[in-house]
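Thanks for coming. I will go through one model this morning, chain by chain where that helps, and then stop.

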Amino acid sequence: MHRDHIGLDQAPARHTYTPPSARALRIGLGGPVGSGKTATVAALCRALRTELSLAVVTNDIYTTEDAEFLLRNAVLPPERITAVETGCCPHTAIRDDISANLEAVEDLEASLGPLDLILVESGGDNLTATFSRGLVDHQIFVIDVSGGDKIPRKGGPGVSASDLLVVNKTDLAPLVGADLTVMARDARHQRGDLPTVFTSLAAPGGVAPVADWVRARLDAWRRR
Amino acid sequence: MSTAVVADARITARPDGRGGTALPVLAGGGPIALRRTRGGATARVTVIGAMAGPLGGDRLALRIDVRPGAALHVGSAAATISLPGRDGRPARWDLDFTVAEDAELHWLPEPVVAATGSRLLTRTRITLAAGARLHYREEQVLGRHHDLARGAPPGRLTSRLTVRQAGRPILDQQTDLGPGAPAWDGPASLGGHRAAGHLLTVGHPAPPVPPPGHDAALLTLPGTDATLLTALAPDALRLRRLLTP
Amino acid sequence: MPDRTPAPGGATAVLLLLADGRFPAGGHAHSGGAEAAVRAGRIRDQDDLAAFLTGRLHTTGLTAAALAAAATAAATDPDPDRLDDLDRAADARTPSPALRATSRRLGRQLLRAARAAWPHPALDRLADRHPRGAHHPVVLGTTAHAAGLTPAQAASLAAYESVNGPATACVRLLGLDPYRVAAVLARLAPELDAVTAEAVRAAEQGDLPAASAPLLDILAEQHSTWKVRLFAS
């Protein structure tokens, strides 16, 4: 060809994402509507903000709704929270066309300086929505007991392949007749060695199992 | 039988050396008569249409040159009515304004009204030096009142406005409204309105943001200290209200 | 014997890839003003949509198509001034700050995808000179050059994108029958080609059009102030 051509193998990684050495760890949080993704993000921010420099990108279907929840609850200063519009397709923005989220993540890093951790919260979607590996390094999938104790058995990529499965609202289990041992067994069956934690964010320190898991990922990220 | 008119009018404004503005050139042409209406720091000129028009086929031009330190205000005595010519050719109305550093031009004429069957192409080129100040108003009305009242379609107005500031283009836009222009009355363009206009402000304080509930917006242009208030309204009167800060 | 020679360099397939709504360049989150027009009650059915798309195609669609065609030609020049001039021309043709921001944002997103798909020095230069993003038609034209497409193909992509995005958005926002919307787009095809040809002619003559539509600017500014919206523009 007449063009000055660069082979595909020479395509620099920066074209799709910032070189890993120069950037924060990125963790995605997905899960169905109402399972407690935003509450988990808020609790994580409160638990980690004194020890880490962190920022959040939200992908609410109503764009700024989740960002405003986080702002109202003052979990982080406003400049550390960005909302991305998803054009009615929250799963597209985190999986098929991640460009707007990558822009948001990189803009946060550019404007705030070096960060330790960026949480990317997906808009509430269904059990098949997962994050692209081009956008996040790890993903957490949040379900809750009130959705029925059959959800882990149903599987789907979020339940079976996420790096951490969070079963939230365990305090409601007796009220909705959900059997946590059944959920744990089904999760193990679907997920093999991948971890599952049970949380009740209503309780003090309820997010601790998730925060501990995040800290361990961050340690591994720094040591790589 | 009417023959097409070709006219070239000119105004040059410069400081008169006594704190005011002199008009060494004030030359009307054809149907464009120019009257100096007042002196003072800002020279005021009124454009008086000496006959009906423009008619299809006419080619009218007005060049205004505001020299450093001068201030000129140009208005018009009445609306400009675009009328159909005999042979279906469009009329042309070319405006060419140059405003020097520390000079100011206020171009605040009455609207251009497109009568049934008319076709008018207006081309406005504004060249601003750095530090030039400008108020420029443009109002287009689709159809005379009695055209619309009898259910006749309006004429067509194609209008291009190009503004350069310190050599850089800061605004270049063309609207094409009226029968023959694709989807001119649709939800992307006029959306049922019959009057469209702008107020371009450079180097003066920006007008206030238009009140909600109107099809109007205050746009900050890419240049220095330049805004465009753009508005649509059902008629000329309501358009003028939106464009009057 | 029928001629089975493919277009040089796989250009036809490249064109299809770039026009595909699944190409990851950020378009899916933009309605091209349709969300604001729907909220204002200006688009309610497929007839309104057809008028909206026709208006958009002949105004901002034509302008974007000509800029894209001109950028494809300018990208052959190692001197970046021509592309920078086109970027300024796009700025002047976009009086709405909300639409300027959208165009630069989409330009940056397309550039990210283009540099991964068709690495080329012209794309690198554009990224270096416009770190906050060049205007989308300028990036589209440069991408077309990098991918071996012609100015006419770049123009047809820009024209197509000017109607495809809002049409898809209206299917999502209004629940319009997707078959009827597909029919609306199919009927626009001759006009798309005509606008493309007009854009290419204008770009070749160096007389870039500046066609604009008043409500698109006004609606874009209103949309940018909403607290709750589904689309980025």
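This is a predicted model: local features need pLDDT of at least 70, side-chain atom pairs count only at pLDDT 80 or more; totals for chains, interfaces and linings use all residues.

A residue counts as buried when its relative accessible area is under 20%, as exposed when it is over 50%, and as partly exposed in between.

Staying with chain A for a moment, its secondary structure comes to 9 helices and 7 strands. Take the contacts in chain A with a separation of 6 or more: 79% of them are between residues 24 or more positions apart.

As general background, nonpolar side chains in soluble globular proteins tend to be buried together. In this model the largest nonpolar core has 129 residues, and Ile64(B), Leu72(B) and Leu200(B) have the most contacts inside it. The element that gives the most to this core is helix α3 of chain C, residues 46-74, with 14 residues. There is also a second, separate core of 31 residues, and Val75(A), Val210(A), Val214(A) and Trp221(A) are among its members.

Which residues does Leu200(B) touch, once neighbours within four places in sequence are left aside? The contacts include Ile126(B), Leu134(B), Val163(B), Leu171(B), Leu221(B) and Leu228(B). His135(B), Tyr136(B) and Thr227(B) are also in contact with Leu200(B).

Now the interface of chain B and chain C. The two chains bury about 2,400 Å² between them, and 61% of that is on carbon and sulfur atoms. Pro187(B), Ala188(B) and Leu219(B) are the residues of chain B that lose the most area to chain C, together 25% of what that side buries. The contact takes 31 residues from chain B and 32 residues from chain C.

How many salt bridges cross this interface? The rule finds 3. Arg93(C) forms a salt bridge with Asp172(B), and their closest N and O atoms are 3.1 Å apart. As for polar contacts, 13 residue pairs are found across the interface of chain B and chain C.

On the chain B side, β14 (168-177), β16 (216-220) and β17 (226-233) each supply at least two of the residues that touch chain C. Of the elements there, β14(B) gives the most, with 8 residues. By class, the side of chain B that touches chain C has 17 nonpolar, 10 polar and 4 charged residues.

Two backbone points to look at. Most residues other than glycine have a negative phi. Lys169(A) is not a glycine, yet its phi is positive, about 65°. Lys169(A) lies in the loop between β6 (164-168) and α7 (173-176) of chain A. With a relative accessible area of 23%, Lys169(A) is partly exposed.

The other case is Ala183(B), with a positive phi near 50°. Where is Ala183(B) placed? It is in the loop between β14 and β15 (195-202) of chain B. Ala183(B) is partly exposed because its relative accessible area is 22%.

Val6(B) is found in β1 of chain B, residues 6-15. Is Val6(B) buried or exposed? Its relative accessibility is 65%, so Val6(B) counts as exposed. The C-alpha atoms of Val6(B) and Gly17(B) are separated by 35 Å, with the two residues 11 apart along the chain.

That is the end of my part.

Conventions: Residues are numbered from 1 along each chain as its sequence is written. Chains are lettered from A and ligands numbered from 1 in the order in which they are written. Side-chain values use heavy atoms; hydrogens and water are left out. A nonpolar core is a set of buried Ala, Val, Leu, Ile, Met, Phe, Trp, Tyr and Cys residues joined through side-chain atoms within 4.5 Å. Buried means under 20% relative accessible area, exposed over 50%, partly exposed in between (1.4 Å probe, protein chains only). Helices (H or I, at least four residues) and strands (E, at least two) are DSSP runs, numbered from the N terminus. Contact means heavy atoms within 4.5 Å. Buried area is the accessible area (1.4 Å probe) that two parts lose on being put together, summed over both. A salt bridge is a side-chain nitrogen of Lys or Arg within 4 Å of a carboxyl oxygen of Asp or Glu. A polar contact is a pair of N or O atoms within 3.5 Å; within protein, one must be able to donate a hydrogen and the other to accept it, and residues adjacent in sequence count only if both atoms are side-chain atoms. Ala, Val, Leu, Ile, Met, Phe, Trp, Tyr, Cys and Pro count as nonpolar, Asp, Glu, Lys and Arg as charged, and the others, Gly among them, as polar.
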